[in-house]
Amino acid sequence: MEQGIPFRNIPLGIMIETPAAAIMSGELAKEVDFFSIGTNDLTQYVLAIDRQNEKLDEFYDPHHPAVMKLIGYVAECGHAEGCTVGICGELAADTHLTETFLKLGIDELSVSPSFLLPVRQKIRHISLNNKKEENERNA
């Protein structure tokens, strides 16, 4: 405001793309407003597999439990400090994982326009109620 030009606070965020950033997400969350988890790089580095090497395709598993655990951990740490947590990369459009991401507390899924409708439809058909609430509603 030194020059008298009005401005607003712009949210500051970081990409979480390495295991180190994911593990440090509790500390990093204190400094930013949001996280965007870059699943392509995170998966590659967690599994120590070059995702562009076709000879290793059978080993490259973006659904690997270690990748999912780190995503959940980042969401937990981010939310503990009031950060919004989003996912970008190919996994964000994977409708087999949409429900998992919502249950992990992911706030946003960044997908290309061609995947928007399928992901949106998947989200609309997911119930995050626990089993007890669901049973009471069906009784």
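Helices here are DSSP runs of H or I with at least four residues, strands are DSSP runs of E with at least two, and both are numbered from the N terminus.

The structure is a predicted model, where local features need pLDDT of at least 70, side-chain atom pairs count only at pLDDT 80 or more, and totals for chains, interfaces and linings use all residues. Residues are numbered from 1 along each chain as its sequence is written, and side-chain values use heavy atoms, with hydrogens and water left out.

First, the overall picture. The protein chain has 7 helices and 4 strands. Read from the N terminus, the order of elements is β-α-α-β-α-α-β-α-β-α-α. The C-alpha trace spans about 60 × 50 × 30 Å along its principal axes. The accessible surface is about 9,400 Å², and carbon and sulfur atoms hold 52% of that surface; such areas come from the Shrake-Rupley method with a 1.4 Å probe, and for residues only the protein chains shown count as cover.

How much of the chain is buried? Of the 139 residues, 30% are. Buried means under 20% relative accessible area, exposed means over 50%, and partly exposed is in between, with a 1.4 Å probe and protein chains only. As for contacts, meaning heavy atoms within 4.5 Å, take those with a separation of 6 or more: residues 24 or more positions apart account for 51% of them.

Two strands pair if DSSP finds at least two bridges between them.

Going across, strand 1 and strand 2 are parallel and share 4 bridges. Ile 16 is opposite Ile 37 of strand 2. Strand 2 (residues 34-38) then pairs with strand 3 over 5 bridges, again in the parallel sense. Phe 34 has Thr 84 of strand 3 as its bridge partner. Strand 3 and strand 4 (residues 108-109) run parallel and are joined by 2 bridges. Here Ile 87 has Leu 109 of strand 4 as its bridge partner.

Strand 3 (residues 84-88) is mostly covered, with 4 of its 5 residues buried. Cys 88 lies in this strand and is buried, at a relative accessible area of 18%. Setting aside neighbours within four places in sequence, Cys 88 is in contact with Met 15, Ser 36, Ile 37, Gly 38, Thr 39 and Ser 110. Cys 88 and Ser 110 are 22 residues apart in sequence, yet 4.8 Å apart in space, C-alpha to C-alpha.

Helix 4 (residues 65-80) has 16 residues and reaches 22 Å from its first C-alpha to its last, close to the expected 22 Å at 1.5 Å a residue. The expected span is 1.5 Å times one less than the number of residues. Its buried residues include Val 67, Leu 70, Ile 71 and Val 74. Just after helix 4, Gly 82 has a positive phi of about 85 degrees.

Helix 6 (residues 113-124) has 12 residues and reaches 17 Å, close to the expected 16 Å. Helix 6 is hardly covered: 1 of its 12 residues is buried.

Helix 5 holds Thr 98, which is buried at 0% relative accessible area. Beyond its neighbours within four places in sequence, Thr 98 is in contact with Leu 109, Lys 122, Ile 123 and Ile 126.

Last, which two side chains meet in a salt bridge? They are Lys 103 and Glu 99, at 3.0 Å from N to O. A salt bridge is a side-chain nitrogen of Lys or Arg within 4 Å of a carboxyl oxygen of Asp or Glu. Side chains of opposite charge can pair when their charged atoms come close. Lys 103 and Glu 99 are 4 residues apart in helix 5 (residues 98-103), so about one helical turn separates them. Lys 103 is exposed at 56% relative accessible area, and Glu 99 is partly exposed at 30%. A search of the whole structure finds 1 salt bridge.
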